[in-house]
Amino acid sequence: MTGRKSSLIKAGILLGSLLLLPRIPSASPSEDPFTSDQRGYWAFQKVIGPEVPAARQEHWIRNAIDAFVLARLEAEGISVSPPADRITLLRRATFDLIGLPPTPEEVTAFLRDDSPRAFQKLIDRLLGSPHHGERWARHWLDVARYAESGGFKLDLTRPNAWRYRDYVIRALNQDKPYDEFIREQIAGDEFRPDDPEARIATAFNRHYPDETQISILLRRQEILNDITDTVGAAFLGLTVGCAQCHDHKYDPILQADYYRLQAFFANIRSDDEIALWSDEQVREHGQKQAAWKEATGSIRDEIESILAPVRKTNFETQVKKFPKDVQTAFLKPDPERTTIERWLWHKEQWRLNPDEHRLANMLKGESRERYEELKAALEEHDDLYVPDPPAGTGIREMGTDPPPTRVLKGGVVGAELEEVPPGFPSILQPGPALIKPSPGNKSSGRRTALAHWLASRENPLTARVMVNRIWAHHFGSGIVATPSDFGMMGERPTHPELLDWLAAEFVRSGWSIKRIHRLIMESNTYQQASTYRADADSADPLNALRWRFAPRRLEAEVIRDTSLAVAGLLDREAGGPGVFPDLPQNAPVPAGGWEVSEDRSDHHRRSIYVFVRRNSQYPMLQVFDMPDTLSSCSRRTISTTAPQALALLNSKLTLAWAQAFAGRVIRLAGEDVYAQIDNAYRLAYSRGPDAKAKDLALTFFHRHREIIAERASRDEELALPQPMPEGVSPIDGATLVDLCHMLMTSSEFIYLN
Amino acid sequence: MRTDRSSSPPQPCSRRAFLNSAGRNLGVVALGYLLQRDGLLPAASRPAGRAEDPLTAKIPHHAPTAKSVIWLFMEGGPSHIDLFDPKPELDRLAGQVMPESFGRVTSAMGTEGNPLMPSTRKWRQYGDSGTWISDLYPSLPHHVDELAVIRSCWADHLNHVNAVWQMNTGSTLAGRPAMGSWITYGLGSANQDLPTFVVLADDRPVNGGANNWSAGFLPATYQGTAFRQQGPPILHLSPPGTIGEKQQSSKLSFLTELDQLYAADKYNDEIAARVRSYELAFRMQTAAPEAVDLSKESEATKTLYGMDDELSAKLGSNCLLARRLVERGVRFVEVYCGSGSGWDAHTKLDVNHEKMCAISDRPIAGLLSDLKARGLLDQTLVVWGGEFGRTPFTQNEMGRDHNPWGFTMWMTGGGVKGGQVVGTTDAIGLRAIDRPCHVHDIHATVLHLLGLNHTNLTYLHNGRAERPTINAGAVIRDLI
């Protein structure tokens, strides 16, 4: 940004803060709070499927995308790039849709298929793969600031958060219509209260960072802010968070709009006990557990009699720690509590009524001893024990009477201004939202109204924002380069008509995400080579007009998964609780814990299944820019840093991958070094080495072999292939390990072309 | 407006230009040099590349008075009332409940109704400035006329984690960039062989963890590096034992060749940056262990830092390490004393503070003497403080609760006007009343001394030009 523009903006901020006192539309209904420029802003206009433009080089146009792209390129006098070669195309599509490299067999099969539909068939196969959801769910989880722990000091584990991750994977694999995907995540509990799948989907609004503190009213507000910001960014592509303290400085979002949007969520609380089983399953389970209950009845009664006094004392001590008004709320009978008081009560249960484990830790002396004895006695009946039914985590409401939502002056709790009803950004739809509580439901129906509005074909933002996200992940950058900011401070679309055409097509296809994948990938635009061209580059250095496919670094998860796949280590098991691979040696144990998975194959699961601890992300993923999960992330940073180099080069983990890779190469190629190099290249890069590459690798092999031989002669330990086949010389084996290691570290390995 | 959007037009990359571009701004192409030395790579021409490096030294907004910062973080909340801010009025009110005239507060542990507790410390005025310091810090008064003691600090949060986050990032919620990251972003690096922003923790983990030195929404390049307390200071600094030095060079040379071959027919700025990152990694392997190697320091120096005493040895070596790092161009060194709430004296404050001061007195005084002797104090800003102070009312047995409403910090060096006291708290030390200095003001001042204007240092994130001081803060003019 230029200095002039920046100082203008600064002046704007200053002026804004002086002049733009809160403007509440209800205060002066006759006066339009928005300028005509704001009302006419492109992103707030209805999507009308534009006509597909004509272009001179008609032969290049495979579908409408090409027509839009070509028309712009022709207008600027930039030529398109030739198609990428087939191996590049295969790798591009495979990484793009499933996040793994093609196997050598898949390469052979694709190269052999000379039918004109070969690439379409490939897309079909990849979209049908169960790995597709594992790849694309990660993109959505970034937006959902998904983590499996609460963050802050304790970073407490959320034991069932992973069910949401699996829900997203399933939804994408099934090509769940996006409007339904929205409705389930916003209000699944209201739409289908008896459907565990829909209720797990509501965890979208349960992934807020959270902590335990005495100022819980402040905490409640922070949670609501997080939810409002995330919903605004994820579905609307608006930075509504900027209107928390004052009217948005750039976009037509009033401060009141912020709280109107927030009011949809005023009545929610977390629900970590979502029943996943049918009534019949629960009944059956009850019958199974009956035997254990009967056998242990007296033991459990005595345990309870020991814990009861501690529970009482703890309750009394804890209550006193809260401010007076909160204490009063806690001591009331439940029906007398206001909705917010019910929220506080529920939120503080962990402190007021801790679980047995924490209570037992408070026992002392004899009662502690007796308790231990009783627990031992209980264990003797373990053969009869049936674990409790599984539970899901998400959100629910606290009844049908939501608490009032008030505008907060400066966003400060305690500085309440006027009450606002639930409503949408007034630039799009002024006035309160129409709320209809569904009969018999224990919920206000507010989120149902929001879900319908968000998932409506009339909403000018929803479809645009989503097709742009899809586009951005295919090409490395969006038509709007700021996928969660379609506002004034965001980037303008490079191809506004194309964006609208895609949005219209998305809605027309029944909100099919896979339809958009196909359209994009079948276009010639997508299939262009990534080769650099000086002429085009000087005219359009950022490739905004898409004269080539821009090469880019693979994401953290893809780098790790690809390494595991190439090494032959990848465990393809799908779903389930997060796994805990080894941490680097001497790494501190994170708050909240990191109990390394016992099953070694769990260490080789896909990265999406690695436990996401909010405060301490898995180092190999973090170093390659996995987002921090503290707020919604629409576009990852791509950094290139020395710690990345150190991690790939020096960690025991990558060396172990290289050892397995070398072991696999020897298994495939035997002892012949030519065959080994050939195989290693095919596994790592999906192609055999050309003459130059072969020469380079051979030269290295022989040069490096001498260094290894020296080490061996000094009896120094060597990193050998795993498994080390009999009959192979350790010197050759260790040389191959290093060769494989460098292939896995090379740019060709971690860049997508 | 400073943003990190690179827009320099890329050019095609010949093999030689590609290799050269990787070595820009480095002085020497260390990797190339080492590879040549080992006979693994033919000699290349002088580096003259053009790929943008996010750590390139940048021009500040105005002339700085400080080049580096050493932030001495007394974690847990040291009691200003027992260290720097004597309150005779507390002797008069001892044992009474806080009079209503001081205003209502809600303390972290609900202790605001407890009796007021006077300090048991012996107090003296020192130096020409006549600054009060209690007997808890016997060595520090040697430097009293260089200190600017700010008695009117205040912060926004009662809890440790949030308050520590705020002192580091400006926000009580996690996720914003740390000051060290903003400074690295604003100024770039002065020594690319070492991380620009280094954190030296105590034995226990810092409350709130890595969020305290995270780059937040700034690119990850700017995040702080927490040096490890044992073994090599940086994770994966050296290869596993099964890989020898010459072997490593040979591997790296092969890697460079692979990348050259790959980049031969394409222009990719990133790949040049990638080769550069490998070079930096390679140089760090030598530079970082050298920087943390205290064996060449004299016994006299070690004694100066209190390393001869078991209690103060740890902080002493971290303070010495901090000096070595700023000497080598590291911009921001954060040294924790009592990480994991070491100063959190809810019970028996005297016992706690006598220990924490025995740990910190000589190392800090030694650091100031050493910096001065080496002519480094003029260009090194030293900041002392916790995340908050402690309450005038008592808790448990002779303890004090958290006090974010008023507490003391001090600064010295780096252009700070020493020998003065800034601001006051009320008669019992509860609240800052005269010239109150919020955390944002402290941050704005630190940035100012480094030549950065806190309102002009911005980064566009989620539609907002974010500043290190969020939406507030003013430079504390009295300090300059």
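## A walk around a two-chain model

Lys348(B) counts as partly exposed, because it has 13 C-beta neighbours inside 10 Å. On this scale a residue is buried if 20 or more other C-beta atoms lie within 10 Å of its own, exposed if 12 or fewer, and partly exposed in between, with the C-beta atoms placed from the backbone. What you have here is a predicted model, in which local features need pLDDT of at least 70 and side-chain atom pairs count only at pLDDT 80 or more, while totals for chains, interfaces and linings use all residues. Residues are numbered from 1 along each chain as its sequence is written, and chains are lettered from A and ligands numbered from 1 in the order in which they are written.

Helices (H or I, at least four residues) and strands (E, at least two) are DSSP runs, numbered from the N terminus. Most residues other than glycine have a negative phi, and most peptide bonds are trans.

| Residue | Phi | Where |
|---|---|---|
| Arg546(A) | about 65° | loop between H23 and strand E5 (552–553) of chain A |
| Asn396(B) | near 45° | hairpin of E9(B) and E10(B) |
| Gly510(A) | near 80° | follows H21(A) |

Is Arg546(A) buried or exposed? Arg546(A) is buried, because 28 other C-beta atoms lie within 10 Å. Chain A also has a cis peptide bond, between Gln722(A) and Pro723(A), with omega about -10°. Pro723(A) sits in the loop between H29 and H30 of chain A.

**The hairpin in chain B**

Strand E9 (residues 389–395) of chain B is mostly covered, with seven of its seven residues buried. It runs antiparallel to strand E10 (residues 399–403) of chain B, and four bridges join the two; strands pair if DSSP finds at least two bridges between them. One of the pairs is Gly389(B) with Asn403(B).

Looking at chain B overall, its secondary structure comes to twelve helices and 17 strands, and 60% of its 480 residues count as buried. Its domain assignment gives domain 1 (15–56 + 238–287) and domain 2 (68–232 + 301–479); such bounds come from an automatic or database domain assignment. Nine residues from domain 1 of chain B and nine residues from domain 2 of chain B take part in the contact, where two residues are in contact if their C-beta atoms, placed from the backbone, lie within 7 Å. On the domain 1 side there are six nonpolar residues, two polar and one charged.

**Helices in chain A**

Helix H21 (residues 496–508) of chain A reaches 18 Å from its first C-alpha to its last, close to the 18 Å expected for 13 residues at 1.5 Å a residue. That expected span is 1.5 Å times one less than the number of residues. Among the buried residues of H21(A) are Leu498(A), Asp500(A), Trp501(A) and Phe506(A). What covers them includes helix H3 (64–76), H20 and helix H22 (513–522) of chain A. H22(A) is itself mostly covered, with seven of its ten residues buried, including Lys514(A) and His517(A).

His473(A) belongs to helix H20 (residues 462–475) of chain A. His473(A) counts as buried because it has 20 C-beta neighbours inside 10 Å. The C-alpha atoms of His473(A) and Arg635(A) are 9.0 Å apart, although 162 residues separate them along the chain.

**Where the chains meet**

How many residues of chain A are in contact with chain B? There are 74, and they meet 65 residues of chain B. Elements that give two or more residues to this side of chain A include helix H1 (3–19), helix H27 (652–669) and helix H30 (730–745). H29(A) gives the most, nine residues. By class, this side of chain A has 31 nonpolar, 26 polar and 17 charged residues. Ala, Val, Leu, Ile, Met, Phe, Trp, Tyr, Cys and Pro count as nonpolar, Asp, Glu, Lys and Arg as charged, and the others, Gly among them, as polar.

**The core**

The largest nonpolar core has 304 residues, and those with the most contacts inside it are Cys740(A) and Leu72(B). Such a core is a set of buried Ala, Val, Leu, Ile, Met, Phe, Trp, Tyr and Cys residues joined through C-beta atoms within 7 Å. Helix H8 (residues 269–292) of chain B contributes the largest share of this core, eleven residues. Leaving out residues up to four places away in sequence, Cys740(A) touches Ala658(A), Phe661(A), Ala662(A), Val665(A) and Ala680(A).
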